[in-house]
Amino acid sequence: MSRALTLLLEQLDGEERKAAAELGGAQLQLQQMEQQQQTLSQYQRQYVQTFQQRGQNGLEAHQFGHFRGFIDKLEMARQQQQQGLQQAREQLAHSRDAWLAVRARKQAIEKLMARESERKQQEAARQEQKMLDNLAIYRFHQKPL
């Protein structure tokens, strides 16, 4: 049983490392996407501000259309990034759940192995005490009166 548990623990250890790596990758991807979202939002605000400033001085129809079209494209890109962020958050949650599940299984096996080891030590101590008791009884009966 102990050999089987050792093999299972080794397998779970590998799975835990893989799950931890996937979790780290998901965290990194989310951070990068959040940073891109901030950069795009900042650029969008600056572009709208420029549009408003130029609009105060008057714009020709083709300039207005150009600004408005680009602002619409920026908004569409921001919405797409928002969807990507949501997917990245879901992936992160999934990766975290997978890592926690593997970790819980590994800890359960470690606990079981520790109990098994403790049980074996207690059994060995009980056997040793039994032998010492038998030896004492033997010596007692061997002593001349």
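Me: This is a predicted model. Which handedness does the crossing of α1 and α2 have?
Reply: The model is predicted, so the answer describes computed geometry. Where α1 passes α2, the crossing is left-handed.

Me: How are α1 and α2 oriented to each other, roughly parallel or roughly antiparallel?
Reply: The two axes come within 7 Å. They cross at roughly 160°. An angle over 145 degrees counts as roughly antiparallel. Therefore α1 and α2 are roughly antiparallel.

Me: Which residues make up the largest nonpolar core?
Reply: The elements that give two or more residues to this core are α1, spanning 2-56, and α2. The core has seven residues in all. They are L23, A26, L30, M33, L85, A88 and L92.

Me: Which helix gives the most to this core, and how many residues?
Reply: Both α1 and α2 give two or more residues. The most come from α1, and the number is four.

Me: Which residues does L23 touch, leaving out those up to four places away in sequence?
Reply: L23 belongs to the largest nonpolar core. One of its contacts, L92, is also listed in that core.

Me: How many residues are in the second, separate core?
Reply: This core includes L40, F51, F67 and I71. Those are part of the list; the total is six.

Me: Is Q37 buried or exposed?
Reply: Q37 lies in helix α1. Its relative accessibility is 9%. The cut-off for buried is under 20%, so Q37 counts as buried.

Me: What is the length of the polar contact that joins the side chains of Q37 and Q82?
Reply: Q37 touches R78, Q81, Q82 and L85, not counting residues up to four places away in sequence. Q82 is therefore among the contacts within 4.5 Å. The polar contact between the Q37 and Q82 side chains is 3.3 Å.

Me: Is Q44 buried or exposed?
Reply: Q44 lies in helix α1. Its relative accessible area is 11%. Under 20% is the criterion, so Q44 is buried.

Me: How far apart are the C-alpha atoms of Q44 and D72?
Reply: Q44 touches I71, L74, E75 and R78, with residues up to four places away in sequence not counted. Along the chain, Q44 and D72 are 28 residues apart. Their C-alpha atoms are separated by 9.9 Å.

Me: What does Q36 count as, given its relative accessibility?
Reply: Q36 lies in helix α1. Its relative accessibility is 44%.

Me: How far apart in space are Q36 and I71, C-alpha to C-alpha?
Reply: I71 is included in the second core. In sequence, Q36 and I71 are 35 residues apart. In space, the distance is 17 Å.

Me: What is the length of the polar contact that joins the side chains of E116 and R119?
Reply: E116 is found in helix α2, residues 61-142. E116 counts as buried because its relative accessibility is 16%. The contact joining its side chain to that of R119 is 2.9 Å.

Me: What is the separation of the C-alpha atoms of A125 and F70?
Reply: A125 is found in helix α2. At 45% relative accessibility, A125 counts as partly exposed. A125 and F70 are 55 residues apart along the chain. The separation of their C-alpha atoms is 81 Å.

Note on methods. Residues numbered from 1 in each chain as written. Predicted model: local features only at pLDDT ≥ 70, side-chain atom pairs only at ≥ 80, totals over all residues. Heavy atoms only, no water. Buried < 20%, exposed > 50% of the residue type's maximum accessible area, 1.4 Å probe, protein only. Polar contact = N/O pair within 3.5 Å; in protein donor to acceptor, adjacent residues only side chain to side chain. Core = buried A, V, L, I, M, F, W, Y, C linked by side-chain atoms within 4.5 Å. Axes fitted to C-alpha atoms, helices over the stretch in contact; angles between N-to-C directions. Parallel < 35°, antiparallel > 145°, perpendicular 65-115°, else oblique. Left-handed = near helix turned anticlockwise from the far one by under 90°.
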